[in-house]
Each structure stands twice: as structure tokens, then as C-alpha cells.
Amino acid sequence: MEKWMEVLSEKIPSRQLITDLAGRYSYSFDASFGEHLPELVVQAKNREEVVHVVKVANDFHIPVYPRGQGTSLSGGPLPVHGGVVLDLSQWPEELDVAVEDLTVTVSPSVLTARINEEAEKHGLMYPPDPSSAHVATIGGNLAENSGGPRGLKYGVTKDYVLGLELVTPEGEVIRTGGQTIKNVTGFDLTKLIVGSEGTLGVITQATLKLVPKPLAKQTMMVEFADVRTAGAAISRTLTTGILPSKLEIMDQACIAAVENFRPSGLPQEAEAIVIIELDGHPETLKIEMESLHEIMTAIGATGITVPQTPEESEAIWFARKQVSPAIAKIKPTKVSEDATVPRSKIPDMMDRLKDIKETYNLAIVVFGHAGDGNLHPNILCDKTDKEEMKRVEQAVKEIFEAAVDLGGTLSGEHGIGTMKAPFMEYELGETGLDMMKRIKDSWDPNGIMNPGKIFPEKGQKLVLTHG
């Protein structure tokens, strides 16, 4: 056993250390691409254990990779340089709702969906709702600044973080923000840490903002004969003063995949559908639903469905949630992206995606949170087909270029990790990326905290094939 492992194991129970090959291998991958074997896995269960691990790692210059449940689609927790995977998913759940303050304090291991479950017991809501909320930890969501369908109206994770407890890369414990809604004391370190993908420290506690749960909600499903018109309908809706809580789009390939996977009654003849959810006061919803119906009819909708019961509404949203598992059945490999563009550019992005699909002869399905321009083009492929995967690499590059060219961004909610690091300079420019790197270096002088993420290494390219 190496010296650093001996020192690290002095204060960590042996049952929380994973050294065998099979155990370490289970931490070598996430929901993205690539496999990287860690030298050691530590299942930390309290702040003191995290502090000890980080201090030892900093002293010996050993990489540390914080990890939740490994649901990252961008390679966030991958131990690309070996070292230690710091698993926070085994931390005992701490979830304390302060009803009068409309806040909740949580440990990093809490599943995100559990926060909303507890909030609802008090008539409150935790709005961020990534699709993986039922399996992803809040620590991972904080690191990636996760979003979800409700992001259109309510914002993303960073909009609900009031304060954090963080173990710095040098093993010190700091608190940022607090428990108040307004706080302008110095630099906003809380916002800096959220979305930093574990490169600035390890989050060990968070205080989050809650909001009152809406009195009512109503769903509408709208069919279109072409995708461009669907995109135009989204832009038109958002300029009328109506702000849906959710506004999702599915193209024809998504619809067909869901119906083949688990028949849900979606209109298979439609080239695209837009699913809208409004929430608020029941009387307001009636007026807004009437306006929406007029807008959709005027712009050329070929069909409009308004569920009459909560069960019917839930069936439509359940179908939307089946997209990912449904398209995974079409081909063995799925490359999921989340390039985001200004809402007015959605029709143009749809056209660019169609061109990319035809140019590289690939199966690309498109769905996502169209209300905030956050599209999820998914490329369906077979990672054992090296020639096809080379075409996929080129297609991904062009998807990112298209998004940035249209005034958008590489990622709306999946993060950068390893998958998008090679494209960072294209969006930020050399100087912009260097300024970020300076912040990283000042926080983490020995470069131990989640190295190999966000910042591209010299000559790094997107590689989806191995061997």
C-alpha cells in the first residue's frame, strides 16, 4: 500500500474504503462515455472524513473526484487521472425543512426528488426537477447546476441556493451565503461554486430556497405538421405574457420511439408535438388556456388536446418521461447532448440539426425543454461500430458549433465535464477560458480537485471510441 493510502486510512473506517479491482471498477464510469479506474474509493459519511481525505490528498498531490450517484451525462465524476473517488452518496440523509423561512437544509447525499417530497408535506415546492431527480443526489445537482422542465418559469438549481458548506481543496471548511434571501456581503462565492463541477471543493451541506406550491395546474398537448412551426409556436407563446411552468417539444422520431416502447396514445402522424403545463390560480389558468388555444390555432396547429382530469395530464407527462428509455431501445448507444439557443433561434437550430443528421447519416432524435431553448439532440448509434462513432464525433462538434453560432451555449444543464471541455474555447474565447482557469488555480494551487474537467488539456479532442 502506498504511503498516502496508509495515511488516509488512519481516520476512515476500513469498511468505507474500496480497494479491490471489482469495487473500483464500479466507480470507473458514469452515464456518459469513457472508463477511468480510480486507485481508491472512499465512501465518506461526514464532514470530518471529507476534510481528512482532502487534506491527505492535497499533501500528497493526489487527485480527488467527488461523486454522487454517477448519473452525470458529461463525465463529471470520472477519475481521469486515477487517485481517489470520494463517494458522498452513502452519507446519512439530513433533510431539515424550515417552514416559516421557506428553506430546507440538506446533506449532499439527499436524492433531489426527496426534497420536493418533504416540501410538499408543508404546501411548499422545490422547483428544480431534472429527469434524474429520483436517483441523482442534490450534491451532484449543485455541482452541475442542474435544470429540468420547470426551469422555464422557476429557474435552475443555482436560483435556489442560499448557502453552502464547502471543504476547500486544501481541507479547510468554509460557509458561503447564509439563510437569508438577500445577501450582498462580498463576492458571491455560492454562485461561483454551484456549477463548478467539483473543481473548487466538496459541498458538504446546502441551504435551499422553497416556494409555495401552486394551487392548480393544467396541461395542453399541441400537434404540428412540421418542426419549424412547432418552434415558432413556442416563441409566439412566450411573447404573449403567458409563462408556462413547462414547455416541452418532441419530434416525430421521439413520438414513434415512445409508442413502440410503451404505447401512450401520442399522435404518431404529427411531425412534432409541444406539451405545455400552466400553473397558478384556477381562474387565471382558464383565461390563459383559452389564449393558448387561439395562439396555437392561428399559427397552424393540426391538433390540440386538453386533458380533463389529473390522470389524463399525468399520462401525457409520463409519455414525455419515456423518451430516454424508449430511444435507448433503438440502438445500443445513446449520445445525449443539451445544446441551448435563444428561444427565437429554436426553428433555426432545428434546421441545423436536420442538416447534421443528413450529412452524417445518423439517427438523431430531438426533444427537450424548448421553452428556455434547451434542446436535447440525442444521437442513436453503436459504440462498437468505430466508423459510425467517428461520424458521431463530427456530428457532436457541429451541434455545438451550431448552438454557439446561433448565440447559444454548449450546455444548458448537463455540465462540461470531459465531454465538452475540448469545445470551451470556441464559446468563451482564449482569454475568457484563461480567466476561469486563474480562478481554479487560485482555489486549488495543487490541482487536486476533479482535474481533467471543464478545462481542456493540450490537444484534447472529443473521443467516443477506444482501442
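Cys381 is buried, with a relative accessible area of 0%, where buried denotes under 20% relative accessible area for a 1.4 Å probe and protein chains only. Cys254 is likewise buried, at a relative accessible area of 0%. The model is predicted, so local features need pLDDT of at least 70 and side-chain atom pairs count only at pLDDT 80 or more, while totals for chains, interfaces and linings use all residues. Residues are numbered from 1 along each chain as its sequence is written, and side-chain values use heavy atoms, with hydrogens and water left out.

The structure holds zero disulfides, a disulfide being a pair of cysteine sulfur atoms within 2.5 Å. The closest cysteine sulfur to that of Cys254 belongs to Cys381 and lies 15 Å away, too far for a bond.

A helix pair comes next. Helix H13 spans residues 346-359 and helix H14 residues 386-405; they pack at an angle of about 160 degrees, with axes 10 Å apart. H13 is therefore roughly antiparallel to H14, a term for angles over 145 degrees. Helices here are DSSP runs of H or I with at least four residues, numbered from the N terminus. Axes are lines fitted to C-alpha atoms over the stretch in contact, and angles run from 0 to 180 degrees between N-to-C directions.

At this packing, Met349, Arg352, Leu353 and Ile356 of H13 meet Ala395, Glu398, Ile399, Glu401, Ala402, Ala403 and Asp405 of H14, contact meaning heavy atoms within 4.5 Å. These residues divide into seven nonpolar, no polar and four charged; Ala, Leu, Ile and Met are among those counted as nonpolar, and Asp, Glu and Arg among the charged.

Note on methods: Helices (H or I, at least four residues) and strands (E, at least two) are DSSP runs, numbered from the N terminus. Angles under 35 degrees count as roughly parallel, over 145 as roughly antiparallel, 65 to 115 as roughly perpendicular and the rest as oblique. Buried means under 20% relative accessible area, exposed over 50%, partly exposed in between (1.4 Å probe, protein chains only).
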